[in-house]
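Reader: Could you take me through the salt bridges in this one, slowly? I'd like to know who pairs with whom and where the partners sit.

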Amino acid sequence: MRTATYFFIFLNMSLALFEEPAVYPLPFLVTSVVEVLCLLVFFGRLTHFAKVTTRNVFWKDTKNICIMVAILLSLTDLAIYGVLRIYNVRSIRWSRIVRPIFLVNFAESRQIRRAFRSIRNTLPEITYVFLLFMFSLLMFSLMALKLFGERNLQTAEGLPYFRNYLEIVFDLYVLVTTANSPDVMMPAFDFSSWYALFFIAFVIVNTYIFMSLFLAVVYNNYKKHLKVMSCD
């Protein structure tokens, strides 16, 4: 039963590869029949839980409620999407986001729920590091606006360079990942090579220091909560 449950959960989640817009598109009738089959299996498992447990225990278990709601939402979305498709009205399958609920809430997924609880308990403790990182990012963005905003610099595409504060924040946020390096600094570097020091300082502080600190805090707190749950 556990193997069958995981198989249908995997099958249900993998439908995203074949539904529009899809990597390997299949006809809507095929994907809808497979999804209904998976939902029927999930409903059967839920019915089995209801038969082997008392009514009070079954209805007090939030996992069962989540599965039931996910099944109803999926069927409702499937029906609405099918009707709109008949009338050639373009719509989106919004119920795809609830499919991981089946993976998390079945009784066989205890280890996955434990991992999710560890992540949830870790989030408040990394908030301070994240806020400190955002403060650093905002301060560097303000410095960049003051340094480059009044020099009428332009990018290679002829667009204004570092004149809008929100755009600066986004560009420097991307620079933390080094995805736009060194393109983001080239207009300033062409104006004066000394401006490269600003971007070097930014990368050292935010990429090498803050990202390492952020990773260490996440790892240590996640490991601590996972160990506590294992003892419980």
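Author: Let's start with Arg 93 and Glu 19: both are buried, and buried here means under 20% relative accessible area, with exposed being over 50% and partly exposed in between (1.4 Å probe, protein chains only). These two form a salt bridge, their closest N and O atoms 3.7 Å apart; the term covers a side-chain nitrogen of Lys or Arg within 4 Å of a carboxyl oxygen of Asp or Glu. Arg 93 sits in the loop between helix 4 (62-86) and helix 5 (100-105), while Glu 19 sits in the loop between helix 1 (2-14) and helix 2 (28-52), 74 residues apart. Helices are DSSP runs (H or I, at least four residues), numbered from the N terminus.

Quick note on the source: this is a predicted model, where local features need pLDDT of at least 70 and side-chain atom pairs count only at pLDDT 80 or more, though totals for chains, interfaces and linings use all residues. Residues are numbered from 1 along each chain as its sequence is written, and side-chain values use heavy atoms, leaving out hydrogens and water.

Next up, Glu 35 and Arg 99 pair at 3.4 Å between their closest N and O atoms. Through shared partners, salt bridges join Glu 19, Glu 35, Asp 77, Arg 93, Arg 96 and Arg 99 into one network.

And the total? The whole structure holds nine salt bridges.

Conventions
Helices (H or I, at least four residues) and strands (E, at least two) are DSSP runs, numbered from the N terminus.
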